[in-house]
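Please keep the sequence and the structure in view while going through the numbered points.

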Amino acid sequence: MASCLRADKETGGENSATYGHNENIVQIYTDWANHYLEKAKFRRFIQDLQADLADGVLLADVIESVVNEKVRDINRKPKTVAQMIENINASLSFLAGLGVNVEGLTARDIRDGNLKAILGLFFSLSQIGRAHV
């Protein structure tokens, strides 16, 4: 889906209207996450929601900044796809432990930049973030 959205933006394909709507949602969640990252004094911010979460490090940072708890077992400098997947799985497990419904989400979806999965995850995270305010 991610490549489809990117292609539609570039070519003006039939999903251009859908892309425009998704682009707004992506920007809202990017700004939301960056607000929490800035508030928690993290130095790295999201530029591209689909690409920047791929190694799991920034995802863990966002989660930590929202819930104010440390996500364990994060490899801060993953070199392999397997290490990136482990990071994302650690974040998903952490969220599940907090009661966030992560059913149907896979680390591979996040790693591959699946926009629907990422937006769903951020929506769930925003709900739990409200409880931690």
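**Note on the model**

1. Threonine 30 lies in helix 2; helices (H or I, at least four residues) and strands (E, at least two) are DSSP runs, numbered from the N terminus. With a relative accessible area of 6%, threonine 30 is buried; buried means under 20% relative accessible area, exposed over 50%, and partly exposed in between (1.4 Å probe, protein chains only). A polar atom of the threonine 30 side chain lies 2.7 Å from the backbone oxygen of valine 26. Not counting residues up to four places away in sequence, threonine 30 touches Ile46 and Leu49, where contact means heavy atoms within 4.5 Å.

2. This is a predicted model, in which local features need pLDDT of at least 70 and side-chain atom pairs count only at pLDDT 80 or more, while totals for chains, interfaces and linings use all residues. Residues are numbered from 1 along each chain as its sequence is written, and side-chain values use heavy atoms, with hydrogens and water left out.

3. The predictor's confidence in each residue is given as pLDDT, from 0 to 100. The chain averages a pLDDT of 86, and 80% of the residues score at least 70. Over residues 1-15, pLDDT stays under 50, and the model has 18 contacts beyond four places in sequence for them.

4. The chain contains 7 helices and 0 strands. Buried residues make up 44% of its 133 residues. Among contacts with a separation of 6 or more, 52% are between residues 24 or more positions apart.

5. Which residues touch the most other members of the largest nonpolar core? They are Trp32, Ile46, Leu49, Leu53, Val62 and Phe122, out of 37 residues in that core. Helix 2 (16-39), helix 4 (57-67), helix 5 (81-97), helix 6 (107-111) and helix 7 (115-131) each supply at least two residues of this core. A nonpolar core is a set of buried Ala, Val, Leu, Ile, Met, Phe, Trp, Tyr and Cys residues joined through side-chain atoms within 4.5 Å. In soluble globular proteins, nonpolar side chains tend to be buried together.

6. Phenylalanine 122 deserves a separate look. Leaving aside neighbours within four places in sequence, phenylalanine 122 is in contact with Tyr29, Trp32, Ala33, Ile46, Leu49, Leu53, Leu59 and Val62.

7. Helix 4 is mostly covered, as 11 of its 11 residues are buried. After helix 4 comes asparagine 68, whose phi is positive, near 60°.

8. How many salt bridges does the structure hold? There are 3; a salt bridge is a side-chain nitrogen of Lys or Arg within 4 Å of a carboxyl oxygen of Asp or Glu. Aspartate 61 pairs with arginine 76, their closest N and O atoms being 2.8 Å apart. Aspartate 61 lies in helix 4 and arginine 76 in the loop between helix 4 and helix 5, so this pair ties together parts that are 15 residues apart in sequence. Aspartate 61 is buried at 3% relative accessible area, whereas arginine 76 is partly exposed at 40%.

9. Glutamate 64 forms a salt bridge with lysine 70 (3.9 Å, N to O). Here glutamate 64 is buried, with a relative accessible area of 9%, and lysine 70 is exposed at 57%. A further bridge joins aspartate 55 and arginine 44, with the closest N and O atoms 4.0 Å apart.

Note on methods: Polar contact = N/O pair within 3.5 Å; in protein donor to acceptor, adjacent residues only side chain to side chain.
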